[in-house]
Amino acid sequence: MRLGLYQGVLEVKQFLRSREQVVFTLAFPVIMIIVFGSIFKGDIGPDVKFTQYFVTGMIGTGLMTAGFQSLAIQIPTERDRGVLKRFLGTPMPKWVYFAGKVLMVAFIAVLETVVLLTVATLFFGIDLPGTGAKWLTFLWVSALGITACTLCGVAFSSVARTGRSAPAVVTPVALVLQFISGVFFVFTSLPSWMQTVAGLFPLKWLCQGLRSVFLPESFGAQEPGGSFDLPMVAIVLGVWCVLALVLCLTTFKWTTKRDG
Amino acid sequence: MEPAIRVRGLRKTYQSNVAVDGVDLDVARGEVFALLGPNGAGKTTTVEILEGYRKRDAGEVSVLGEDPAHRSVRDRVGIVLQGTGEFDELTVGEVVQHFSRFYPKADDPGAVIERVGLAEKARARTHTLSGGQKRRLDVALGIIGRPELLFLDEPTTGFDPEARREFWQLIRDLQTGGTTIVLTTHYLEEAETLADRVGVIAHGRLLAVDTPARLGDRESAEATVSWGTGEKITTATPTQVIRELAETYGEIPGLTVSRPTLEDVYLKMIGHDA
């Protein structure tokens with residue numbers, strides 16, 4: 001257990017010391033909310049400002065970036081540079097490597113969400129959840145969502161064959177998911193086929209779960225199913241966790257093709 | 001005591017390409033063994049099977065009495081690979097300290113850093129190190145677990161002559177401490193200086209294993225006597241030749257007597273004429 005913790009500290013240290021990474025990871029959602037919050041000032045429902053909606057999308061995106069995008073790019077890069085091979089040559093138990101990544105992702109996700117909510121509350125008058133029950137929902141939806149994203153990120157890390165091609169492989173997937181999952185636009189305003197496709201992937205459900213926390217109960221009626229449908233959110237995210245975990249266990253590569 | 005490494009009938013095939021074709025090898029405890037061979041000869045495949053990175057198709061392999069495919073032997077083995085990634089944003093001290101936690105009988109990180117000559121760089125981020133310094137860090141990570149057996153894959157590539165000599169001293173110190181060392185290298189001089197025995201591998205087969213002095217019948221090979229401006233004779237009886245030359249010249253100008261170098265023997269073995 002201690003090894004996993006040390007590995008996490010090591011990963012967080014590496015993250016915090018690469019300044020560009022820190023700045024971009026933390027600043028991106030904030031910039032997005034400033035841009036979108038300034039463009040769309042209208043209401044999307046009775047007493048629901050667009051920014052209140054948009055902030056849930058940004059939290060979801062932040063979790064996906066921290067879990068899915070960063071790992072699906074970082075792991076192939078480390079594989080290419082032989083970092084994984086080096087660890088494999090030591091007695092380090094394999095799970096320690098993943099524990100380190102999970103702790104790093106958790107650290108970034110919490111930091112990013114706190115920064116985002118602070119900015120949103122101070123400058124855009126976002127209402128934070130008012131009840132303990134809502135905070136609890138916030139907690140489990142985020143935790144389950146980030147778990148699914150992290151596992152998907154690790155699973156997807158085997159797709160890119162080189163570290164250099166990883167961003168090109170991963171970024172479009174992340175971007176398309178953001179557009180079709182109701183991150184930037186109100187989900188129900190999207191064409192229905194797009195909604196159907198998005199419904200297969202975790203980001204849509206993650207955002208929907210987050211909306212149940214930040215938007216009034218009445219807004220649930222505007223969701224595609226007529227409610228926020230939290231049980232379904234839990235099921236879909238849970239299924240993705242299991243699916244991705246199986247993929248991780250069966251397809252994860254420690255060495256490059258070149259290494260045989 | 002069982003040998004450090006015992007290999008019998010090792011085979012490895014990639015698709016239709018036979019990379020290792022029936023290699024037998026023993027490396028004794030405390031020995032420095034150098035594996036030589038051109039690129040693509042099966043050298044890396046053989047070593048990586050011993051290191052546990054690759055699976056063999058056939059044959060018996062025992063490393064410190066265990067099958068290297070099982071991770072349990074890692075506690076007692078150190079591996080220094082080529083081109084393994086650094087941890088750019090961490091300091092030398094942090095990286096060595098971190099790796100020390102993986103091993104049950106790890107050495108003191110500070111002492112190991114000192115030993116590889118990086119004491120002054122202990123607090124430097126690894127991305128600020130020079131190529132040679134990074135290589136020393138690799139070695140530090142390879143020996144932090146006090147390995148009984150150390151693999152070194154082309155350890156001094158890119159070193160300047162002085163750094164290479166310092167590195168050789170480090171290897172000798174490790175050997176004195178009882179560590180068995182298996183190294184691959186393209187520098188024949190390095191093999192000759194460090195190794196108790198060398199093995200030459202080509203086309204997936206081990207062509208010869210012997211001490212550097214005896215490899216390819218080097219010690220009994222004909223000597224080349226040269227003198228003057230480029231005149232030379234290859235002979236089995238150099239003393240006789242010199243005596244005759246001395247009668248002619250008195251003091252023989254530019255006299256040298258040479259036997260084939262390890263490089264000559266090696267190149268001949270792998271099918272090039274020197």
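Q: What makes β8(B) and strand β9 (residues 205-210) of chain B a pair, and in which sense do they run?
A: β8(B) and β9(B) are joined by five bridges, in the antiparallel sense. Two strands pair if DSSP finds at least two bridges between them, so five bridges make a pair. The strands themselves (E, at least two residues), like helices (H or I, at least four residues), are DSSP runs numbered from the N terminus. This is a predicted model: local features need pLDDT of at least 70, side-chain atom pairs count only at pLDDT 80 or more, and totals for chains, interfaces and linings use all residues. Residues are numbered from 1 along each chain as its sequence is written, while chains are lettered from A and ligands numbered from 1 in the order in which they are written.

Q: Which sense and how many bridges link β3(B) to strand β7 (residues 180-184) of chain B?
A: The sense is parallel, over four bridges. Here B:A34 stands opposite B:L183.

Q: Why is β3(B) called largely enclosed?
A: Five of its five residues are buried, so the rest of the structure largely encloses β3(B). A residue is buried if 20 or more other C-beta atoms lie within 10 Å of its own, exposed if 12 or fewer, and partly exposed in between, with C-beta atoms placed from the backbone. Both faces are covered. B:V32, B:A34 and B:L36 lie on one side, B:F33 and B:L35 on the other.

Q: Is B:L149 buried or exposed, and how do you know?
A: B:L149 has 21 other C-beta atoms within 10 Å, so it is buried. Its place is in strand β6 (residues 149-153) of chain B. Two residues are in contact if their C-beta atoms, placed from the backbone, lie within 7 Å. Beyond neighbours within four places in sequence, B:L149 contacts B:A4, B:V63, B:L64, B:R76, B:V77 and B:T180. B:G178 is 29 residues away in sequence, and 9.1 Å away in space, C-alpha to C-alpha.

Q: Is A:I235 buried or exposed?
A: A:I235 has 12 C-beta neighbours inside 10 Å, so it counts as exposed. A:I235 sits in helix α10 (residues 230-251) of chain A. A:W205 is 30 residues away along the chain, with 9.5 Å between the C-alpha atoms.

Q: What makes a set of residues a nonpolar core, and how many residues has the largest?
A: A core is a set of buried Ala, Val, Leu, Ile, Met, Phe, Trp, Tyr and Cys residues joined through C-beta atoms within 7 Å. The largest has 66 residues. B:I5, B:A34, B:V96, B:A140, B:I181 and B:V182 have the most contacts inside it. Apart from this core lies another, of 55 residues, among them A:M64, A:A166, A:I180 and A:L237.

Q: Which residues does B:V182 contact, leaving aside its neighbours within four places in sequence?
A: They are B:I5, B:V27, B:F33, B:L35, B:V47 and B:F151.

Q: How do you know whether the radius of gyration of chain A agrees with a compact globule?
A: The globule rule is 2.2 Å times the number of residues to the power 0.38, and the radius is taken over C-alpha atoms. For 260 residues a compact globule would come near 18 Å; chain A has 19 Å, which agrees. The C-alpha trace spans about 60 × 35 × 35 Å along its principal axes. In chain A, 42% of the 260 residues count as buried.

Q: How many helices and strands does chain A have, and in which pattern?
A: Chain A has 10 helices and two strands. The pattern along the sequence is α-α-β-β-α-α-α-α-α-α-α-α.
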